[in-house]
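Subject: Handover of a structure

Dear colleague,

Please find the structure below, together with its sequence. A summary of the findings follows it.

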Amino acid sequence: MTANASARAIKPELLRTYTEDFNKDRANLIAADAAVSAGVLKAATDYRGVRALPRDFSIELKQGSITNQERSGRCWMFASLNTLRYELMHRWNLEDFEFSETYLFFWDAMEKSNTYLENVLRTLDEATDSRLFEAINELPADDGGWWQMFAALVNKYGLVPKSAYPESENSRNSDDFKQYLNSKLREFAAELRRRSVAGASEDELRALKDEYMGTVYRICAVALGEPPEKFDFFARPKDDDEDKKGEARKCKAEADADGKAESCKCGESCKCEGKSDAKACKCDKDKSDKPKTGKDERPQIREIGITPLEFYKKYVPVDVNDFVTLANAPLKNRPFNQRYRIRFSANVAEAGDMEFVNVPLDVFKKAALDQLTAGHPIWFACDCTQFALRKDGFFDQSVVRVDQLFGTEFTGDKAHGLEYGDSPSNHAMTFTGVNLDEDGKPNRWKVENSWGKDAGKDGYYVMSDAWFDRYVTELIIRKEYLDDATRALLTTEPVELDPWQPLTRRCR
């Protein structure tokens with residue numbers, strides 16, 4: 001062994017020192033017993049941190065049933081659809097609703113395949129080991145994405161309810177489908193480059209690409225089934241009379257108790273007769289006069305042969321183009337109050353690349369609070385793996401005390417996490433609530449996830465405000481909740497970023 005090699009090696013005498021020091025400390029032995037037996041996260045869970053994050057919120061939105069992306073990387077799509085279904089449910093007074101994630105998954109696979117082949121044609125002069133081509137070729141049609149990819153798909157293909165295009169085995173568990181789709185796409189890329197070297201014209205190469213897309217369609221249709229061009233839609237709005245009936249029963253109970261009830265909150269004034277023999281409020285009595293048949297008398301929403309674009313435009317009361325991606329990336333080479341665009345980041349080729357506005361934390365957080373306070377959920381992206389308990393549903397460094405378990409502090413800040421690739425965004429979820437302290441400041445956030453009811457508390461997570469500051473990097477905000485200075489940035493010329501420059505990954 002050379003002198004230089006010896007200097008680089010772990011020295012046996014140091015190993016002896018390490019083990020002696022480890023065994024001297026009783027805390028190390030206890031920590032090792034706990035971690036080896038239960039795993040790092042369970043061993044590091046601090047009950048005091050858990051108790052400090054109760055699951056009640058001063059601002060809370062009523063959402064539908066928890067969704068489940070299962071073994072796929074569609075979180076960005078689920079979070080996007082969860083924000084829209086909230087708006088649809090409350091506009092049309094529905095008890096619950098879910099869009100078809102598989103419908104957009106089909107078209108995303110098609111569009112990413114097309115864009116990948118188009119990017120191959122744009123970079124024919126690049127070596128296959130160039131940094132740019134490696135970035136393009138890494139994941140041709142992977143599952144991940146951003147809000148703007150979602151918006152591009154909705155603009156082009158519309159939306160359908162889940163009943164019109166339900167889940168399949170390959171949307172629930174997408175690895176095999178995407179493995180072979182990506183393999184085929186790379187074969188097509190190699191042939192396009194070979195034909196280019198042999199002298200094929202751009203028109204000839206693009207005609208070949210169009211032929212290849214026929215194979216892509218076949219693969220997607222076999223794996224997922226063909227998407228509907230038209231479908232039927234049926235729904236029943238909630239019965240508003242149920243709330244009135246509940247108030248009538250409450251009114252009657254109060255009358256039975258003390259005879260003092262004077263009116264019902266159901267909207268009709270009445271007087272309950274007597275203290276002990278009151279039978280019912282007028283609003284309840286009127287209902288009882290009508291014979292009960294068991295027939296569902298609620299109104300119906302019914303569409304026959306509606307297209308996905310027609311459904312989106314008619315039933316979704318928001319425009320996906322009225323949202324802006326705000327980032328909070330405190331990097332020296334990403335100055336705040338600037339608009340950015342990431343090259344080669346589109347899924348729909350003609351829709352353009354992903355853009356975001358980088359803003360300071362106070363602007364970032366105020367936009368989130370304003371939108372939630374106004375009654376609208378928020379798509380957001382973060383690194384969901386850091387100081388997180390997936391099963392119990394916590395995002396908080398005071399709950400996951402790996403610093404105590406390992407006997408070392410974790411001091412990296414948000415800039416460090418982004419610059420060194422330690423905590424870029426990798427998962428999208430939805431904010432559906434926030435708790436404000438006595439000074440009106442947020443101290444915890446309610447998170448709707450897409451990992452099913454068994455993850456977190458019935459599918460929901462609680463996030464400390466400190467964790468929000470450290471690990472939440474993207475918010476999708478309606479333009480109306482941007483301040484004037486941020487809104488003005490939307491018309492400025494964006495700074496272009498290369499696809500490998502650190503900030504975020506496609507969320508999965």
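Which helix gives the most to the lining of the largest pocket? Helix 7 does, with 4 residues.

Before the details, a note on the basis of the values. This is a predicted model, in which local features need pLDDT of at least 70 and side-chain atom pairs count only at pLDDT 80 or more, while totals for chains, interfaces and linings use all residues. Residues are numbered from 1 along each chain as its sequence is written, and side-chain values use heavy atoms, with hydrogens and water left out.

The largest pocket has a volume of about 780 Å³. A pocket here is an open set of points on a 1 Å grid over the protein atoms alone, where a 1.4 Å probe fits, with protein on both sides within 12 Å along at least five of seven lines; lining residues have an atom within 4 Å of a point. The volume is the space filled by probe spheres set on the points, which are joined across faces, edges and corners. Of the 31 lining residues, Ala135, Glu138, Pro499, Arg505 and Arg506 are the closest to the centre of this pocket. Helix 7 (101-122) and helix 8 (131-137) each supply at least two residues of the lining; helices are DSSP runs (H or I, at least four residues) numbered from the N terminus.

The structure also holds 28 aromatic pairs, that is, rings of Phe, Tyr and Trp (its six-membered ring) with centres within 6.5 Å; planes under 30 degrees apart count as stacked, over 60 as edge-to-face and the rest as tilted. Phe97 and Phe311 are stacked because their ring centres are 6.4 Å apart and their planes lie at 25 degrees. This pair links distant parts of the chain, 214 residues apart: Phe97 is in the loop between helix 6 (75-92) and helix 7, and Phe311 is in helix 15 (residues 308-315). Both Phe97 and Phe311 are buried (under 20% relative accessible area, with a 1.4 Å probe and protein chains only).

As for cysteines, the count comes to 0 disulfides, a disulfide being a pair of cysteine sulfur atoms within 2.5 Å. The sulfur of Cys382 has its closest cysteine sulfur in Cys384, 5.8 Å away, and therefore too far for a bond. Cys382 is buried, at a relative accessible area of 0%, and Cys384 is buried at 13%.

Yours sincerely

Definitions and conventions
Buried < 20%, exposed > 50% of the residue type's maximum accessible area, 1.4 Å probe, protein only.
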